[in-house]
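Hello,

My notes on it follow.

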Amino acid sequence: MQITSSAFSQGAAIPDEFTCKGDNKSPQLSWSDPPAGTQSLALIVEDPDAPVGTYTHWVAYNISPLKKSLAAHLQSAPQIEGMMQGKNDFGHTGYGGPCPPRGDKPHRYFFRIYALDARLDLHPGASRQELEEAMMDHVIGQGEL
C-alpha cells in the first residue's frame, strides 16, 4: 500500500498548519487500494526522534476498507467518519501535531497505514499499545509516508 498527503511530500517538512506552531490540525491523507481480504484499516503516526523515545501523535482504527482518504482538519472525537481514534502521547484523543523542543535536531514523522483482516474489538480512545496488541497477527498489508 502507498500512503500520501496533499499537504506535504515524502521526506518534506510538515507545514506549520499541521503542527503546534499553527492550527495543530490533521493533514489530508490518501492511500492506495488495500489487499484483498482487508476488513479494516488502522493508522499510527509517530516521531522516533523525540527526547523521551518514540512519541505517538495519532492512533486511528476500524477505518472502513472502502475509505481511500481522510480529510484535513478532522475533529478529535473518539468516533468520527466511521472510524475510532485513540489516545496520543499528549494524552488527547485524535491527532496531535509535531511539536519538537526548541533547538532540537530535525525530527522524522512516520504516517503508517495498516490493512487488517479483521475489525478490532477496541473501545474508542484505545492506546497505541492496545491497538498494536489487537493488530497482532491481523496485518496483511501496510504503507508508510
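**Strands and sheet**

Strand β4 (residues 55–63) and strand β7 (residues 83–85) run antiparallel and are joined by 2 bridges. Two strands count as paired if DSSP finds at least two bridges between them. Within this pair, Tyr-61 has Met-84 of β7 as its bridge partner.

The model is predicted: local features need pLDDT of at least 70, side-chain atom pairs count only at pLDDT 80 or more, and totals for chains, interfaces and linings use all residues. Residues are numbered from 1 along each chain as its sequence is written, and side-chain values use heavy atoms, with hydrogens and water left out.

β4 and β7 belong to an open sheet of 6 strands with antiparallel pairing, in the order β6-β7-β4-β3-β8-β9. β6 (79–80) and β9 (139–144) each have a single partner strand because they stand at the edges, so one side of each has no neighbour in the sheet.

The chain holds 1 helix and 9 strands. Helices (H or I, at least four residues) and strands (E, at least two) are DSSP runs, numbered from the N terminus. Along the sequence the pattern is β-β-β-β-β-β-β-β-α-β.

Helix α1 (residues 128–135) lies across β3 (40–47), β4, β8 (110–116) and β9, and runs at about 135 degrees to β3. For such angles, axes are lines fitted to C-alpha atoms, for helices over the stretch in contact (heavy atoms within 4.5 Å). The angles run from 0 to 180 degrees between N-to-C directions.

**Gln-28**

Gln-28 sits in the loop between β1 (3–4) and β2 (29–31). Its relative accessible area is 17%, so Gln-28 is buried (under 20%; exposed is over 50%, partly exposed in between; 1.4 Å probe, protein chains only). Its side chain makes a polar contact of 2.5 Å with the side chain of Ser-30. A polar contact is a pair of N or O atoms within 3.5 Å; within protein, one must be able to donate a hydrogen and the other to accept it, and residues adjacent in sequence count only if both atoms are side-chain atoms. Leaving out residues up to four places away in sequence, Gln-28 touches Thr-4, Ser-5, Ser-6, Ser-69, Leu-70, Ala-71 and Ala-72.

**Whole chain**

Of the 145 residues, 46% count as buried. The C-alpha trace spans about 45 × 25 × 25 Å along its principal axes. Among contacts with a separation of 6 or more, 68% are between residues 24 or more positions apart.

Regards
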